[in-house]
Amino acid sequence: MRRCVCPGSFDPVTNGHLDVIERAAGLFDEVVVAVLVNPAKQSMFSVDDRMAMLTEVIQHLPNVTVEGFQGLLVDFCRQRDIPAVVKGLRAVTDFDYELQMAQMNRRLSALETLFVAANPDYSYLSSRRAREGAINGGDVSGLVPDRVLARLGARLEGDS
Ligand code: ADP
């Protein structure tokens with residue numbers, strides 16, 4: 001059984017994330033999407049909301065599950081016998097950070113990291129860009145899944 005993890009904050013999940021998750025699901029028998037629980041980092045959506053949105057948008061992928069994690073990704077993977085991380089690389093700006101993280105994870109526990117080249121349609125897209133676009137009244141349809149778009153709208157209406 002080949003397993004991998006796709007980690008991130010997913011605040012909220014975007015079509016760029018979903019593209020990486022779908023591609024990982026095509027390459028591995030099982031994919032665990034691991035949502036980082038970081039109380040020190042201010043987020044727009046709670047961990048429960050982020051996990052609920054992810055769970056909704058991966059319904060078409062039977063070999064994908066969603067879990068929360070705190071602490072080191074290497075410990076999360078060791079506990080579940082997951083040998084590999086799959087991440088998307090958007091641009092050189094991702095590269096420095098991702099390379100260091102991959103090398104650190106390999107040093108800590110031989111966890112391998114595999115990079116997939118971002119879909120050019122989404123290579124400029126981050127959760128932050130989607131959030132900022134929506135908060136400032138921009139149309140972010142096509143950048144986040146429709147269910148996420150609806151939640152962003154509801155959330156912003158609630159805030160106004
Ligand atoms: P974001 O940068 O969107 O806030 P996360 O921390 O949630 O991201 O992202 C987790 C991982 O998802 C990133 O390290 C990156 O590998 C991947 N990722 C995020 N957005 C994209 C995208 N648009 N295309 C490809 N991969 C992406």
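Trainee: Where in the chain is phenylalanine 10 placed?

Mentor: Phenylalanine 10 belongs to the loop between strand 1 and helix 1; helices (H or I, at least four residues) and strands (E, at least two) are DSSP runs numbered from the N terminus. This is a predicted model, in which local features need pLDDT of at least 70 and side-chain atom pairs count only at pLDDT 80 or more, while totals for chains, interfaces and linings use all residues. Residues are numbered from 1 along each chain as its sequence is written, and side-chain values use heavy atoms, with hydrogens and water left out.

Trainee: What is the phi of phenylalanine 10, and which peptide bond is cis?

Mentor: Most residues other than glycine have a negative phi, and most peptide bonds are trans. Here phenylalanine 10 has a positive phi, near 55°. The bond from aspartate 11 to proline 12 is cis, with omega near 0°. Proline 12 also lies in the loop between strand 1 and helix 1.

Trainee: Which residues come nearest to the ligand?

Mentor: A residue counts as near if one of its heavy atoms lies within 4 Å of the molecule. The ligand has 16 residues around it, of which Gly88, Glu98, Tyr122, Leu125 and Ser127 come nearest. Strand 1 (3-8), helix 1 (15-27) and strand 4 (84-89) each supply at least two residues of this shell, and helix 1 gives the most, with three. By class, the shell holds six nonpolar, seven polar and three charged residues; Ala, Val, Leu, Ile, Met, Phe, Trp, Tyr, Cys and Pro count as nonpolar, Asp, Glu, Lys and Arg as charged, and the others, Gly among them, as polar.

Trainee: Where does the ligand sit?

Mentor: Rolling a probe the size of a water molecule over the atoms shows where empty space is left. On a 1 Å grid over the protein atoms alone, a pocket is an open set of points where a 1.4 Å probe fits, with protein on both sides within 12 Å along at least five of seven lines; lining residues have an atom within 4 Å of a point. The ligand sits in the largest pocket, a term requiring more than half of its atoms within 2 Å of the grid points. Helix 4 (92-109) gives the most to the lining, with nine residues.
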